[in-house]
Each structure stands twice: as structure tokens, then as C-alpha cells.
Amino acid sequence: MLNFDFYNPTQISFGEGRIAKLDSLVPAEAKVMVLFGGQSAQRTGTLDEVKKALGDRQVFLFGGVEANPTYEKLMEAVQIVREEKIDFLLAVGGGSVIDGTKFVAAAVPYSDEPWNILLNSGRDIEQALPIGTVLTLAATGSEMNNGSVITRRSLQAKLPFHSNLVFPKFSILDPSKSFTLPERQVANGVVDAFVHVIEQYLTYPVNAPVQDRFAEGLLQTLVEQGPLALSQPDDYEVRANLMWVATLALNGLIGAGVPQDWSTHLIGHELTALYALDHAQTLAVILPSMMQERRDAKREKLLQYAERVWNLREGDEEQRITAAIEQTRAFFETLGVKTRLKDYNLEQAAVETVLKQLEQHGMQQLGERQDIDLTVSRRVLEASL
Ligand code: NZQ
Ligand code: ZN
């Protein structure tokens, strides 16, 4: 196992009715900005529930944070927070609203142009406002991690940043809030959480059996519960298991002390920025071809994955690896998430454009061994057509 530091200060309050706990979780004297997305938080009544729980506190509402939140929109919130001297941010929504809130939290006290937070990957953040979250969509793990991904529309750039200063102080996970999700978002969430585990697990062995078995347990849970969430959309237990598995998939635990990949995500971000594919759609397209491209580099872990996650024991090594990749693609397709660029009307021209953007964003040394250069990315993208 590699050396590591593990830090996660986010308090979790999990279960139906937990939004009422906001009253004790948010400081009594706080001046609060509640950030939310397009319409879902209002339509579903979650926003009203949040406002009620905040009681007499001074509350400013900031709606309209987009899926794949933009710098352009979030800078409006930064200005209001600065002007009104707001001192606590509450995100009500999915990964996009939470990520956007993390950006606002870091941008408000940032002395330089806030886009530099992204250009510096968050390394120079010195302060951030405290944030809390009310999660309405199980997928990203943003509710319990220090990451955020922000899009700058004018540059067609979607870049991540990390800072321990933007960990939520608390997150409320009420699985019943996810009942109103459209099927597409439920399926997206399963795929995203699955690929988060894969990016931290499917690399090379470092004798870390705790992280490996934990990761395999999360993957098996997703394979089991994901389809149930679609076939039994009213089942609270299923939604609860899905919400917890997605949180644990990216809260730092399984990634501590092991090599990490993230190439599928970083190529996927370019596809979202350019062509507006959902985050999970990009992952479903790239991951199977990335596995195929890296089948030698990832051989030992692919064989372990084949046996322990998909129970594949027949045939020689090559056959088992091929079958594991096929099972992965089939799993995404079963959930209704398409796995080919052409399913999203993208062709060779898109490959060229994505490669240009990867170059421009310095994404030429991806993967657990930093050896995925533009030539390898080209092969992966062409195999994804
Ligand atoms: O905007 P509204 O009307 O609220 O609708 C949202 C949105 O359109 C809707 N929705 C959310 N909760 C709902 C609901 N509709 C009905 N009922 C509910 N309870 O769902 C749509 C998608 O929401 P979004 O927040 O965009 O989805 P998700 O949670 O998948 O977040 C995706 C974003 O997170 C980033 C992605 O890149 C993407 O920008 N990621 C963040 C990560 C992190 N911080 O650690 C890691 C991930 O890899 C990912 O990159
Ligand atoms: Zn993701």
C-alpha cells in the first residue's frame, strides 16, 4: 500500500425527514445563501422544506445553477455574497449545485480572478466560506468530498479543482428526495458512481486488500441495486442503498493509499464541455474503450475485477478480460445509458476536436502511470465511435 493522508470532515445526516436537522446544523446567527438548480427543488417542495427548517435566519435564494455549473452563472452569486456579506452557503441539489457552491465558497474571499482557482486546480485557495448540502441526486459524491468541476462556457472548458477548505461541513442525505428524479438521472447516477470506483480500483495491485474489497463491494452493490432503482422506482430501501453507495464511492476512503486513474473522467469532461453530453454519458462511452486500450497495463486488476465483480472464471485470461469489458458495457446499456459516440450523433470530427481541447488543457499525461498521451487518447476515442 502507498503512503497516504486521509482527511474527511463532512458530517453526514442520513434518512427520511433529516432536513429538519438544518436548524441545528446551520449556525443560528448565519446569514445564509441557499443555492439550487433549475426547477426541481421548487417543484418537489424540497426548497420549501429547507426554508422552513432554517427558521428565522436571514436567507437569500440563488436559483438557476445549471447542470454542469458555469463560472458565468456562479459569478453572479459571488457578487451577491460579497455585497450582502453572506457567511454560510447551503447547496440544495445534485452534484452540479454542490460543485457550484464549492466554487462560490472559494471565489468570494479569493483576491485574484476566480477562474484562476480552476487553472491552479485549487492549490492556492487560502480560505473558503463554510458550506452545507442537502442532496437530491445520488451520483457524484460531491456531498462528502473536496472536489468540484466548473465549466466556463465562453472557453468551452470544464475543469476540476480540489481543496480541503471546500469539504461540506455537513450533508443531509434523505433518499426519499430522489424519488422525483427522471429515470435518466437515476441511471446516470449509477454509472457515475460505478466509474468513480473503477477509476480508483482498476489500476495495478499495491497489496491494498481493504481498499480492493471495499471497492468490489461497492461495485457489486451498484450492479445489484442500480437496475432495481429503475424497476422499483418507489422502493425507499433501494434509493437509500444507492445514495450511500454513491457517497462512499468518492469520499476518499477507497482511494486512500492506492494508485488512481481518472483518464476516463478527464476525457469525458471535454465531451461535456463541447457537446453537452451528460457527465455519465461521457463515462459510459469512454470507459469500455479505455479498458480495452489498457488491457495489458491493467491486466492483473482486470482479472481480479472479472472474477470478483462479474464472477467470470471460465476461459483463459484474455477471454475473461474481454468478457469483463463486455459485461461493463452491457451493464451501462441495460441501465439505458448509451456507450457509443455515434449514439450521441458524434463522428470522427468530434474526435479531432476533443484531442485539440485535451492538448489545450494540458491533458497529455493521463492515467495511473501518466502515459496516456494524445496518441493513446486518439485510439480510445476512435474505438468509442
Ligand atoms: O436543475 P434542476 O431543475 O434542479 O434539475 C436537476 C438537473 O437537471 C435534476 N435533479 C436533481 N435532483 C432532482 C432532479 N430532478 C428531479 N428530482 C430531483 N430530486 O437532475 C439534473 C442533473 O443534476 P446534476 O446536479 O447536474 O447531476 P449530478 O449530480 O450527476 O452532477 C453532475 C455534475 O457533477 C460533476 C459533473 O462533472 C457534473 O458537472 N462531478 C462532480 C464530482 C465531484 N464534485 O466530486 C465528481 C464527478 O465525477 C463529476 O465530475
Ligand atoms: Zn464522475
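Residues are numbered from 1 along each chain as its sequence is written, and chains are lettered from A and ligands numbered from 1 in the order in which they are written. In this predicted model, local features need pLDDT of at least 70, side-chain atom pairs count only at pLDDT 80 or more, and totals for chains, interfaces and linings use all residues; side-chain values use heavy atoms, with hydrogens and water left out.

**View 1. Domain 1 and domain 2 of the protein chain.** Contact (heavy atoms within 4.5 Å) joins 25 residues of domain 1 to 24 residues of domain 2.

**View 2. The interface between the domains.** About 2,000 Å² is buried between domain 1 and domain 2, with 66% given by carbon and sulfur atoms. Buried area is the accessible area (1.4 Å probe) that two parts lose on being put together, summed over both. On the domain 1 side, Gln156, Lys158 and Pro175 lose the most area, together 27% of what that side buries. Four residue pairs across the interface are in polar contact, both residues at pLDDT 80 or more. A polar contact is a pair of N or O atoms within 3.5 Å; within protein, one must be able to donate a hydrogen and the other to accept it, and residues adjacent in sequence count only if both atoms are side-chain atoms.

**View 3. The surroundings of ligand 1.** The Asn145 side chain places an N or O atom 2.9 Å from an oxygen atom of ligand 1. For Thr180, a side-chain N or O atom is 2.7 Å from a nitrogen atom of the ligand. A polar side-chain atom of His265 lies 2.8 Å from a ligand oxygen atom.

**View 4. The salt bridge of Asp23 and Arg57.** The two side chains meet at 3.0 Å, N to O. A salt bridge is a side-chain nitrogen of Lys or Arg within 4 Å of a carboxyl oxygen of Asp or Glu.
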